[in-house]
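User: I am new to this structure. Please walk me through how to read its features, one at a time.

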Amino acid sequence: MTDSNDLLDTLGLEIRQSQDEALETGSVRAQVRQRVLSQSHRQRQDRRSRWLLVPAAAVVLLAAGSWLLHEEPLEYAIAGDTENARLGQLLAAEQHPMHLSFSDGSGVRLAPEAQASVPVVWENGALVQVHGGSVHFDIEHRQDTRWAVQAGPYTVHVVGTTFDVDWDEQSRTFLVDVSEGRVRLEGPDTDGVEVAAGDALRLQPQPERFGEALPETEDEPAALASDGADVPQGEPAIEVDGQPEQPGHGTAEVDGLVGEQRPSGAAPAEAVGASEVRRPTRPWRRLAANRDFVGALAALDHRGFDSTLRRMSAAELYEVAGWARQASDPRATRLYEQVRRRSPGSTQAANAAFLLGRMSGSRSDALRWWLVYEDEQPTGRFAEQNAGRILETLSALGRRAEAAERAEQYLGRYPEGAHRRLAEALAR
Amino acid sequence: MSATVHRLRPKGRKPSEKPGEGNVAEAGYLGSDEALVADLLQGSAGAPAALYDRYSGYVERLLVRVLGSDPELPDLLHEVFAEVFTHIHKLKDPAKLKGWLTRVTVFTARGAIRRRRRRRWLRYYSPEVMPDVAASTQTDQQAMVSRVYVVLETMGTQERLAFSLRRIEGMTLPECAEATGVSLATFKRRLKKADEAFQRLAAKDPLLRERLERVRSTKGGKS
């Protein structure tokens, strides 16, 4: 009976590992989140409405009206103006600060000389682009708040908080200073860094690499920036000038986001006035957004796989490697290795090490990669899983003493971890 | 473009150190389960999001353990949380939130299995039982997992749940008993039956037979 238990437990462990790999993307959870929370929100609203229905029908109508209003996209106005401001309008504070009030209660203040625009609003937030200068944000925290601030290649994701963003287009220096709450930052070399209250973070490109141009090919002279990897999947990419692929119109920087497509001499007003929201234009991005990773890779093949990838940033390359991994395409390994070469020391490089370990054909190779990950990202997003896999592998390789020692560490660090049972067994 | 990062002053709080705490909403709610349930009952605006962010990974994982790769997964995940938000007031001990969520999830999965059985009985060939990955693109490991779920599909619902929770998810026997709402002794009986049925059925599948033999010989070699 014990043999049978062991046998089935081992098979179960293999299944578990395989399933955990597929679950890692979190795409289903993200997809369902909005549905679940908006339903929960409506339930709460309904419950309130039911209470209100008892005293008077008129009050119910009012509640329904306010509910409807709440579901509409936000509106915003410049302090002192009687009318709401337009989407995409250039907001330029001159000698005095400019205050913006949003219909969800959030406030934005542009310091003198600062320029910004609001190209998109949703029912639960807005996207604010900071073109230059210092902008203060006081975001009202609500359920499902969806606020984002873009400055150059950086995007700050906000739930409810107070913070300042400072962007200097000329030196391309970005600063975020958080007074309350917490924000998550995406952009070159940041990969989901969180900045909490009391923290400030400044990012500045290294001068020797700034402006480094990409090699261009005849068939595709423009940078890939319109499909910037830093725009989250499923989120609309913002097309600044409506012609993202126009030759010679961008700085062609490796990690360029949309904002960098603007010629450096052009006033932001020209670009922002014509802004619009659109879906990704590249066929492989469209396919990948629909989780057709095989199709996305085929589209890249059609365009010239290697030449197209040479022009991508490390972040984009990492993304394509993920598609290859999910499509069980053997090129995934090579792509993750390229990510490591392109951006050594980055979070993506470390994550690539973890995933290379998972794709390794031998246990000893896998172990080597996971030890690299552990070294590079001891508290990274895969840290717990990585530690568990090291335990499994050491155990499978018969390195019991090391496994036992690591099992103790694992239990101390992740008492509720997915590998706790194995760790307990090994630690005994 | 490569950038240098400067922390301008000592950190007030460390960024998320726990794996999985990658998003702001989750990091924003640090209270206990009891506090979270209290907030939910009071109708706090951020509480549903906090509950979802804290437990959606766990619920999704449990659904996958029981059902395998399933095109209905998003709907079932939604169903579990809709049930939770609707009936949270029925949770008597907020400290047992996770156990309660587990039961809701297991019962939701069981409902899905039974619905499909009924459809099969009605000879309605439901598209959601079609494999979602072409066999040619599957790795050996993925193929093995698919075959395991084909076998589980032919087992009784209770046995399938017992096998999935104990062998695949690796829950303890008391946890399994609680999740399925039966006594420990009953669960043990079901598991024994499930193990026997699985081994019998797996032996008929060449891929699974080979895999089990390989595991057996590896274990035998070590001992």
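**Reading a buried helix end**

Analyst: Leu23(A) has a relative accessible area of 12%, so Leu23(A) is buried. Buried means under 20% relative accessible area, exposed over 50% and partly exposed in between, with a 1.4 Å probe and protein chains only. This is a predicted model: local features need pLDDT of at least 70, side-chain atom pairs count only at pLDDT 80 or more, and totals for chains, interfaces and linings use all residues. Residues are numbered from 1 along each chain as its sequence is written, chains are lettered from A and ligands numbered from 1 in the order in which they are written, and side-chain values use heavy atoms, with hydrogens and water left out.

User: Which residues does Leu23(A) touch?

Analyst: Contact means heavy atoms within 4.5 Å. Not counting residues up to four places away in sequence, Leu23(A) touches Arg29(A), Glu60(B), Arg61(B) and Val64(B). Leu23(A) is found in helix H1 of chain A. Helices (H or I, at least four residues) and strands (E, at least two) are DSSP runs, numbered from the N terminus.

User: Is Gln19(A) buried or exposed?

Analyst: Gln19(A) counts as buried because its relative accessibility is 5%. Its place is also in H1 of chain A, which covers residues 2–23.

User: What does the side chain of Gln19(A) make a polar contact with?

Analyst: A polar contact is a pair of N or O atoms within 3.5 Å; within protein, one must be able to donate a hydrogen and the other to accept it, and residues adjacent in sequence count only if both atoms are side-chain atoms. Here the partner is the side chain of Arg65(B), at 3.0 Å. Leaving aside neighbours within four places in sequence, the contacts of Gln19(A) include Val64(B), Gly68(B) and Tyr149(B).

User: How do I read a pair of helices? Take H8(A) and H10(A).

Analyst: Start with the axes, which are lines fitted to C-alpha atoms, for helices over the stretch in contact; angles run from 0 to 180 degrees between N-to-C directions. The axes of H8(A) and H10(A) (residues 347–359) come within 11 Å and cross at roughly 20°. So H8(A) is roughly parallel to H10(A). Angles under 35 degrees count as roughly parallel, over 145 as roughly antiparallel, 65 to 115 as roughly perpendicular and the rest as oblique.

User: Which residues make that contact between H8(A) and H10(A)?

Analyst: Among them are Ala314(A), Tyr318(A) and Arg325(A) of H8(A), with Asn351(A), Leu355(A) and Arg358(A) of H10(A). By class, the contact of H8(A) with H10(A) has six nonpolar, two polar and two charged residues. Ala, Val, Leu, Ile, Met, Phe, Trp, Tyr, Cys and Pro count as nonpolar, Asp, Glu, Lys and Arg as charged, and the others, Gly among them, as polar.

User: At roughly what angle do H9(A) and H10(A) cross?

Analyst: Their axes cross at roughly 155° and come within 8 Å. That makes H9(A) roughly antiparallel to H10(A). Tyr336(A) and Val339(A) are among the H9(A) residues that meet H10(A), where the partners include Ala349(A) and Leu356(A). This contact of H9(A) with H10(A) divides into 10 nonpolar, two polar and two charged residues.

User: Where is Ser328(A)?

Analyst: Ser328(A) lies in the loop between H8 (314–326) and H9 (331–342) of chain A. Its phi is near 55°, a positive value in a residue other than glycine. Ser328(A) is partly exposed, at 26% relative accessible area.

User: How many helices and strands does chain A have?

Analyst: Chain A has 14 helices and 15 strands. Chain B comes to 10 helices and one strand.
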